[in-house]
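Reader: Could you take me through this model? I would like to begin with the overall fold and then turn to single residues.

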Amino acid sequence: MISPNTGKLPPFAFHILGLTLLVLGWELLARHYSGLVIAAPEETLAALFRLSTNTTFLARHLEPTLVRISLGLFFGVGCGAVLGILAGFMEPVRLLLSPARWILTSIPGVIVVVVFMLWFGMGTTMVVCITATMIAPIVYVNTADGMMSVDRNLLEMAKVYRLPLSMRLMRIYAMALAGPLLSGVVLATGNGIRLVVLAEMLGANEGIGHALAISRSNLQTDELYALTLLAMLVIGSVEVLLLRPARKAVQRRRA
């Protein structure tokens, strides 16, 4: 069995090594196959730089996508959290929402995109509704589980000592809920961004997904890979700048 301390390297060193191996494998594949199939890493980075300095692309494609991601996460996380809290408090609500939760977590995303295109047409409303609808069950499940995992002994103790409701909410419920809720938001963020790009690809006239569809049609492989890399950077930025600090704050609060 290999010791976790092998080499005594810090964790980020293994991350860099893994990333280097991926880029190396990508470069080897790019040399073996046609540029129409796989763009080389340097071509992808050049295309990414070209896109990031193109004000028309930023205004027409990147900005609408970021707005849709923000709105989809806001409504999806909000609805999922509220319904999860209600389901955690009230068993009938959880049973009532169970069929809808099962349907939304089972149905393929592309089917939802097609149905919502019929209902809302093309554009921002459709993309935001799809994203919110599909990520809400993820947050709902994590929130409901967090509410049901609240320590009953602590609740009994709070009842005996007649702690005020605000203290119970902040010291007991919020602490039990923070971890599962953040995990749900992390999952919802990644899925939400993927859904936004998919919905834009199939039913929008602007956004990163629409730009991806154009690049695919025009066989601009370097741009297609650059847009994919850009979507990954958006996901990584949200996690590093928002979710990771929030998770550390919760851990410090618990300590």
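This is a predicted model: local features need pLDDT of at least 70, side-chain atom pairs count only at pLDDT 80 or more; totals for chains, interfaces and linings use all residues.

Reader: How many helices and strands does the chain have?

Author: The chain has 10 helices and 0 strands. Its pattern along the sequence is accordingly α-α-α-α-α-α-α-α-α-α.

Reader: What does the C-alpha trace span along its principal axes?

Author: The C-alpha trace spans about 70 × 55 × 35 Å.

Reader: What percentage of the residues count as buried?

Author: Of the 255 residues, 35% count as buried. The accessible surface of the chain is about 15,500 Å², and carbon and sulfur atoms contribute 69% of that surface.

Reader: Among contacts between residues at least 6 apart in sequence, what share joins residues at least 24 apart?

Author: That share is 74%.

Reader: On to charge. How many positive and negative side chains are there?

Author: There are 20 positive and 13 negative side chains in the chain. The centres of these two sets are 13 Å apart.

Reader: Now the surface. Which residues form the nonpolar patch?

Author: The patch consists of Leu9, Phe14, Leu17, Leu21, Leu24 and Leu28. Together these residues have about 610 Å² of accessible area.

Reader: Where is Leu21 found, and why does Leu21 count as exposed?

Author: Leu21 is found in helix 1, which covers residues 11-32. Leu21 counts as exposed because its relative accessibility is 53%, and the cut-off for exposed is over 50%.

Reader: Changing topic: is Val113 buried or exposed?

Author: Val113 counts as buried, because its relative accessibility is 0%. Its place is in helix 5, residues 109-120.

Reader: What is Val113 in contact with, leaving aside neighbours within four places in sequence?

Author: With those neighbours left aside, Val113 is in contact with Ile130, Leu198, Ala199 and Leu202.

Reader: And how many Å apart are Val113 and Val67 in space?

Author: Their C-alpha atoms are 18 Å apart, while the two residues are separated by 46 residues in sequence.

Reader: One last residue. What is phi of Leu219, and where is the place of Leu219?

Author: Phi of Leu219 is near 60 degrees, a positive value in a residue other than glycine. Most residues other than glycine have a negative phi. Leu219 lies in the loop between helix 9 (208-217) and helix 10 (221-254).

Reader: Is Leu219 buried or exposed?

Author: Leu219 is exposed, as its relative accessible area is 53%.

Key:
Residues are numbered from 1 along each chain as its sequence is written. Side-chain values use heavy atoms; hydrogens and water are left out. Helices (H or I, at least four residues) and strands (E, at least two) are DSSP runs, numbered from the N terminus. Buried means under 20% relative accessible area, exposed over 50%, partly exposed in between (1.4 Å probe, protein chains only). Contact means heavy atoms within 4.5 Å. Accessible areas come from the Shrake-Rupley method with a 1.4 Å probe; for residues, only the protein chains shown count as cover. Lys and Arg count as positive and Asp and Glu as negative; His and the chain ends are not counted. The place of a charge is taken as NZ of Lys, CZ of Arg, CG of Asp or CD of Glu. Patches are made of residues with over 30% relative accessible area and no salt bridge: like charges are joined within 9 Å, nonpolar side chains (Val, Leu, Ile, Met, Phe, Trp, Tyr) within 5 Å. A salt bridge is a side-chain nitrogen of Lys or Arg within 4 Å of a carboxyl oxygen of Asp or Glu.
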